[in-house]
Amino acid sequence: TLSIGLTRSNTGSFVFSSTKGYRGVKLWQRNVNENGGIEIDGEQQEVELVTYDDRSSKQRTTRLYETLCNEDDVDILFAPFSSTLTSAAAAVANANDKFLVAWAAADPSIYDQGYDNLISSEVPSDRLLDGQFPVMSEAGVETIGVLHRDAGFTTTLADTIDDRAPENDIEVIHRESYAAETQDYTSSLQEISSKDPDVFFVGGYVGGCIDIISQMKENDIWFDWVHTWYSQSTEFYESLEEDANYTYGAYNIHPELERNVDIGVSVGEFISQYRELFGGDQPQFASTNAYCAGLAIEEAVTGAGSTRDIDALKEAAVGINGETMTYGPWDIDPDR
């Protein structure tokens, strides 16, 4: 078998999206094994997953990836959910010469550490807002207020707004971060509301976004444009119900976003198979990112003919660049 190690967050602040991503991995594993496994150097190998619960803890993630590398001696690693936890996993993987594929680590700083064994199926967070600013500018937006969690991914989103807003004649009139353990956002919301920005941007994970919208309602605070990164999450609108209406966000997996894929199943087939396998659950971006990370592993080990030759695996992964399509064009920057 091909053994792949990873951690998932069964508890803590990352549990929602980590579960969605893990299910994307499980769907990929099922499809691969139903087709007889992955051909590696002329031999079919079924995929075996070795998993642990990281509890959304960076320190625990470090210990568990050391276990995966040194005690379980897995062939390859999936990264955990979030830039915070992936940064811990990446350091361990690099120290132990394990090939690591990230799927939910958008913080660009991770890819500036010189890790030679890391690739990602995630768009870096300094590119995630490329499509948002032209829409805001066209709508006549002049000011924006930002409230974001103090974490790698969400801080980079806020930094990107600082950089990109002036290019689109938009002024950042408020920027504030909050700690992971924050539960009461009332004073921050009141201060931002007093400045009356055209857009209120919430940079947080799904639980924090839900709390912020709920506390906006409790304090009778609203803005013409509320933008949260997790408004596409089923947990967001199932928790808030009608209070989730009129909240903007970005969606990268939808039945209408059909593409002629080169590897894996089509968007429509993915959604159908995912929902069937997981009792009607709706996939989100983490599900597709993780599924595509599985496709990257599949292509890399097939092309390299190896599960442990880091240079060959990276060369094979970069080799699927160009015209290759999954749920977007595959384009790894080998210099980043």
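Author: A residue is called buried under 20% relative accessible area, exposed over 50%, and partly exposed in between, with a 1.4 Å probe and protein chains only. The model is a predicted one, in which local features need pLDDT of at least 70 and side-chain atom pairs count only at pLDDT 80 or more, while totals for chains, interfaces and linings use all residues. Side-chain values use heavy atoms, without hydrogens and water, and residues are numbered from 1 along each chain as its sequence is written.

A salt bridge here is a side-chain nitrogen of Lys or Arg within 4 Å of a carboxyl oxygen of Asp or Glu. Under this rule there are 14 salt bridges. One of them joins D73 to R308, with 2.9 Å between the closest N and O atoms. This pair links distant parts of the chain, 235 residues apart: D73 lies in the loop between α2 (58-70) and β5 (76-78), and R308 in the loop between α10 (285-304) and α11 (310-318). Helices (H or I, at least four residues) and strands (E, at least two) are DSSP runs, numbered from the N terminus. D73 is partly exposed at 38% relative accessible area, and R308 is partly exposed at 39%.

E167 pairs with R164 at 3.3 Å, N to O; E167 is exposed, at 56% relative accessibility.

Another salt bridge, of 3.1 Å from N to O, connects K217 and D243. Here, too, distant parts of the chain are linked, 26 residues apart, with K217 in helix α7 (residues 206-218) and D243 in the loop between α8 (234-240) and β12 (247-248). K217 is exposed at 52%, whereas D243 is partly exposed at 27%.
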